[in-house]
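Please read this briefing with the sequence and the 3D structure at hand. It is meant for a reader who is new to both.

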Amino acid sequence: MECLILKKSNCKNCYKCIRQCPVKSIRFSGNQAYIIENECILCGQCFVVCPQDAKQIVDETEKAKVLLQSGDPVVVSLAPSFVANYEGVGIESMREALKKLGFYDVEETAIGATIVKNEYDRMANEGTRDVIITSCCHSVNLLIQKYFPTLLPYLADVLSPMQAHCTDIKKRIPNAKTVFIGPCVAKKDEAQLYEGIVDAVLTFDELTAWLKTEKIVPEQKKDSNENSRARFFPTTGGILKTMAMNNPQYSYMAIDGTENCIAALKDIESGNVHNCFIEMSACVGSCVGGPVMEKFHCSPVKDYLSVSDYAGKADFDVSQPKSDELVKHFEVIDRCAAVPGEFEITETLRQMGKMKPADELNCGSCGYNTCREKAIAILQGKAEISMCLPYLKDKAENFSDTIARNSPNGLIVLNEKLEVQQVNTAAQRILNLRTPGDILGDQVVRVLDPTDFNEVLSDGRAIHEKREYLAEYGKYVDKTIVYDREYRLILGILRDVTEEETQRERKETIRRQTVEIADKVVDKQMRIVQEIASLLGETAAETKIALTKLKESISHE
């Protein structure tokens, strides 16, 4: 199956595709989605909902161009939903536009639909089957082949309208090649699976891009044809609308949407449904709600009216093949997904933080309906534990709480109204709070001066390690305040530096006292020196006088 591919670089942590996938055929590894081919039913919903366009449908435009260059007549089988996709354009306008691209001719797939509905009428009139499920939708066929193999006997073994029409074209036109154009991803797989009938499949998107490249615009002109009742096929109940439904043995019903089809198949599987002819379509609204209707528009009422207005009241004039020429064989497709044991499932649930049934929220955020389904997917290699958002949230909160609880710094979180949202143990100790409940939800002004918080909130500039004395608590703190604009929260970090500040003051006192003592000692020493100097001066003077007198007396003698 080479119909859907992924651009790996664009896919990360979204899970929108797995939430939308009705059969959960997508696995995740390393934050990357991968389509599980043997489980996928090609409904195309992952392609529609992907917000990053990571899912891409394989383009067969080049393949069609190669067919055109082969020299053989290439005929288009155009799905009847084209009237809903190309507003105001009829089959003749589409034929003219496509012939400009080089196609030999263009016919409506509704011709094949007429052949198929005739065969359905024959089967219903025979009345030999308990339940008959239409086989026009390849996604429904894959759903039964892969997930409800016991119901294969109920699946009508009839070619799809696309196959019946292309077979008819090749029978009428020698060496003809066929290209189907429609709104369906699954038709690409059907063409590959049943080789030799349809040579290429294009989506409406691919056709529009091709026409745009060649600057061809289909003329806004609608033709009419009364013998075109099978144009109703792409709408919900459209197959039944074309059938005779003459056998009163059957209840005739139409079911659209994969989830509804799965529910109906479960009912049939359980033996609760009998004597029913069931038209099944994987897409809501049937083919007009297909995944590749151009621009992904969702206009169910408008699209139905477009088809209804264009459809006729009688059947196309067809050459009905024999029943054995329309037989289509369906085989069971093994998904090979081993079902894990109960012990493994329980252990995986524990790893997801689901210790008891009450922990299993079954929120569906991971894409799976229940936590148990998610655990099974993990064991099958399709999912990762980290896909559980409640688990990640609890893990992050627990880790955050552990850090906050054991931080030596006081943490206080405020909202933009300056109301306390969170306070940790260290902050309680600094602010003399008995419990967080004493302040949670109240204004911060009850415990701290709000001036700095208001300043940070108004100008957005953080305050870092501003030392402040909290007189009412007798503590010194280094205060850091940060405003988180994204989460609209203000974080205050209080580092208690009371002991550090006390030590600093003690050291300052000792230093000051030491300086004072040193000053006193110096002063005292200076006084002593001065006193000694004074005494020495007096003694020297007296000695000088005495010696002078002695000198004089000796001289006189």
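Predicted model: local features only at pLDDT ≥ 70, side-chain atom pairs only at ≥ 80, totals over all residues.

Residues are numbered from 1 along each chain as its sequence is written, and side-chain values use heavy atoms, with hydrogens and water left out.

**Salt bridges**

- A salt bridge is a side-chain nitrogen of Lys or Arg within 4 Å of a carboxyl oxygen of Asp or Glu, and by this rule the count comes to 37 salt bridges.
- One of them joins the side chains of Glu-60 and Lys-188, at 3.7 Å from N to O. Glu-60 lies in the loop between strand 4 (55–57) and helix 3 (61–69) and Lys-188 in helix 9 (residues 186–193), so the pair ties together parts that are 128 residues apart in sequence; helices (H or I, at least four residues) and strands (E, at least two) are DSSP runs, numbered from the N terminus.
- Glu-60 counts as buried at 8% relative accessibility, and Lys-188 is buried with a relative accessible area of 1%, where buried means under 20% relative accessible area, exposed over 50% and partly exposed in between (1.4 Å probe, protein chains only).
- Arg-95 and Glu-92 also meet in a salt bridge through their side chains, at 2.7 Å from N to O, and both lie in helix 5 (residues 91–100), three residues apart, which is about one turn of the helix. Arg-95 is buried, with a relative accessible area of 18%, whereas Glu-92 is partly exposed at 34%.
- The side chains of Lys-171 and Glu-325 form a salt bridge at 3.2 Å from N to O. This pair links distant parts of the chain, 154 residues apart, with Lys-171 in helix 8 (residues 161–172) and Glu-325 in the loop between helix 13 (300–310) and helix 14. Lys-171 is exposed, with a relative accessible area of 53%, and Glu-325 is partly exposed at 40%.
- A network of salt bridges links Arg-467, Asp-478, Arg-495, Glu-500, Glu-501 and Arg-504.

**Aromatic pairs**

- The whole structure holds seven aromatic pairs, counted where rings of Phe, Tyr and Trp (its six-membered ring) have centres within 6.5 Å, with planes under 30 degrees apart taken as stacked, over 60 as edge-to-face and the rest as tilted.
- The ring centres of Tyr-120 and Phe-277 are 5.8 Å apart and their planes stand at 70°, so this pair is edge-to-face. Tyr-120 lies in helix 6 (residues 110–126) and Phe-277 in strand 11 (residues 276–281), so the pair ties together parts that are 157 residues apart in sequence, and both residues are buried.
- Tyr-250 and Tyr-252 are likewise edge-to-face, because their ring centres are 6.3 Å apart and their planes are at 65°. Tyr-250 is buried, with a relative accessible area of 5%.
- Ring pairs link Tyr-120, Tyr-250, Tyr-252 and Phe-277 into a cluster.

**Packing of two helices**

- Helix 14 (residues 342–351) and helix 15 (residues 371–379) pack at an angle of about 105°, with their axes 9 Å apart; axes are lines fitted to C-alpha atoms, for helices over the stretch in contact, and angles run from 0 to 180 degrees between N-to-C directions.
- That angle makes helix 14 roughly perpendicular to helix 15, since angles of 65 to 115 degrees count as roughly perpendicular, under 35 as roughly parallel, over 145 as roughly antiparallel and the rest as oblique.
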